Amino acid sequence: MENRNTKNIEEDYKRVWANCLDVIKDSLGPENQKAFDTWFVPIVPLQLDGSTLLVQVPSPFFYEWIEEHYIDLLKRVIRLQLGPNGMLKYSIVMDQTIPSDPIKTTLASNSRRSVQNPLTDMPININKENARELPNPFVIPGLKKDRIPSQLSPTYTLENFVEGECNRLARSAGYAVAEKPGQTAFNPLLLHSNVGLGKTHLANAIGLKTKELHPEKTVLYVTSEQFMQQYAQAGRDNNVNDFIHFYEMVDVLIVDDIQFWSGRGQKTQEAFFHIFNYLHQRNCQIIITSDKAPGELQGLEPRLLSRLKWGLNADLQAPDVETRKAILRQKLQNDGIEMSDEVIEYIAYNINTNVRELEGALISLIAQSSLNRKQITLELTKQMIDKYVQSSTREITIDYIQKVVCDSLNLPVENIQMTSRKREIVQARQLSMYFAKKITKSSLAVIGMQCGNKDHATVLHACKTIENLRQTDRYIRNLVDELEKKFKEA
Ligand code: ADP
Ligand code: MG
């Protein structure tokens, strides 16, 4: 008899909570499925004592969250199930960490504290004095989801991310992601490139665009280093659970420079792996940047690495000279500064390593001219850029060669790409090919492709022609010598 009663009671609390869940799910509706999964599914019923239901919640943060957001709903469903005296009592798991975390062993795992329920007209709160710190790693008191600061920079927008062949795929994938975060095949979206080619800018821009198109979405930008530090801090404060819960509330998570975790932060990576899975399952968007392609990301957890390959992997290449010019023009326009085309071209042709250096050169030039109250002339630019370039690595590119050749022939550089058989254009093309072969490490095929889309045989022929003319034609000899000198000086 007694046995049956115990069993009944045991089943009662589960049944009561299952009924509550049904009502809660109904009340929240399908549009709040995510909230339901996040905040109600993890609650475990423990015991029914008269008309008081005891449930377990994973952390103090969790408790505060549901109390703040769902108190009325809970009140309603509990009273529906247990009558007007129905009460809810919480048992809070204080120190549970994610599985396999080493700090678990040093903690009294599953230590709990009970909080008497808030289902009276004067709800009892956890005494804030004693409550542990709210877990928002970004330190906003009284965390609310809509108040999670995105940490996005307002200056790195999609509008001022200049489009070029070098970034077309990444940029348009980024736009698609911002339009439909979590709903495209680009999840995660992994952006990779060498340094200074716009990963941070683009990732940030996608975040801003998402917020613009979907103001209700929570977007969070974090560097992998910051994430790692926060995780370590959460470990020290025994609130890894809260840390993870915090990240699980985000709709669009951007983690910048994930290569930082290579060969370190194994526990951080594990935590991120959990968060990744959680978000991915719920169709939340994940954007990751790395200065290496996934195949080269050594020392990253294999499980995490395989996840990174799930979505779209888009690289950013170094911009070509036209894109470099467009970037310079855009920066100048933003700053309201005017510069002549020849100055812009000189910078664009001479700085080809990455966009950060391009910007750096521009800023130094502007600073120089305003400090010395000098006009930004081509002369000043040359002095400045030549100094600037010496200190970084300088490489003569095919673009640059074409430009110098065309300048000395007084031809617009675009002519090189024309199919024209006009003598001077053919000559400019041949000279460009000749010097490209001499100076750059590019293959004949690449040189041909960049000089008017010709094949390698044409390049070879051009080199022979110039070599011959050099012996026989005084004009060409002078021209070649003069150009040679220019390239040596460069
Ligand atoms: P990464 O994160 O790849 O090292 P950043 O995103 O920090 O590079 O970019 C370096 C600088 O170059 C930034 O100031 C950024 O605004 C600028 N930049 C890079 N690509 C572009 C682009 N396509 N259009 C405009 N600015 C760019
Ligand atoms: Mg960056």
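Is Leu-208 buried, partly exposed or exposed? In this predicted model, local features need pLDDT of at least 70 and side-chain atom pairs count only at pLDDT 80 or more, while totals for chains, interfaces and linings use all residues. Residues are numbered from 1 along each chain as its sequence is written, and side-chain values use heavy atoms, with hydrogens and water left out.

Leu-208 counts as partly exposed because its relative accessibility is 23% (buried means under 20%, exposed over 50%, partly exposed in between; 1.4 Å probe, protein chains only). Leu-208 belongs to helix 5, residues 199-213 (helices, H or I, of at least four residues and strands, E, of at least two are DSSP runs numbered from the N terminus). Beyond its neighbours within four places in sequence, Leu-208 is in contact with Leu-152, Ser-153, Pro-154, Tyr-156 and Thr-157 (heavy atoms within 4.5 Å). The C-alpha atoms of Leu-208 and Thr-157 are 6.7 Å apart, although 51 residues separate the two in sequence.

Gln-285, by contrast, lies in strand 8, residues 285-290, and counts as buried because its relative accessibility is 0%. A polar atom of the Gln-285 side chain lies 2.8 Å from the backbone oxygen of Phe-186. With neighbours within four places in sequence set aside, the residues in contact with Gln-285 include Phe-186, Asn-187, Asp-251 and Leu-253.

Note on methods. Chains are lettered from A and ligands numbered from 1 in the order in which they are written. A polar contact is a pair of N or O atoms within 3.5 Å; within protein, one must be able to donate a hydrogen and the other to accept it, and residues adjacent in sequence count only if both atoms are side-chain atoms.
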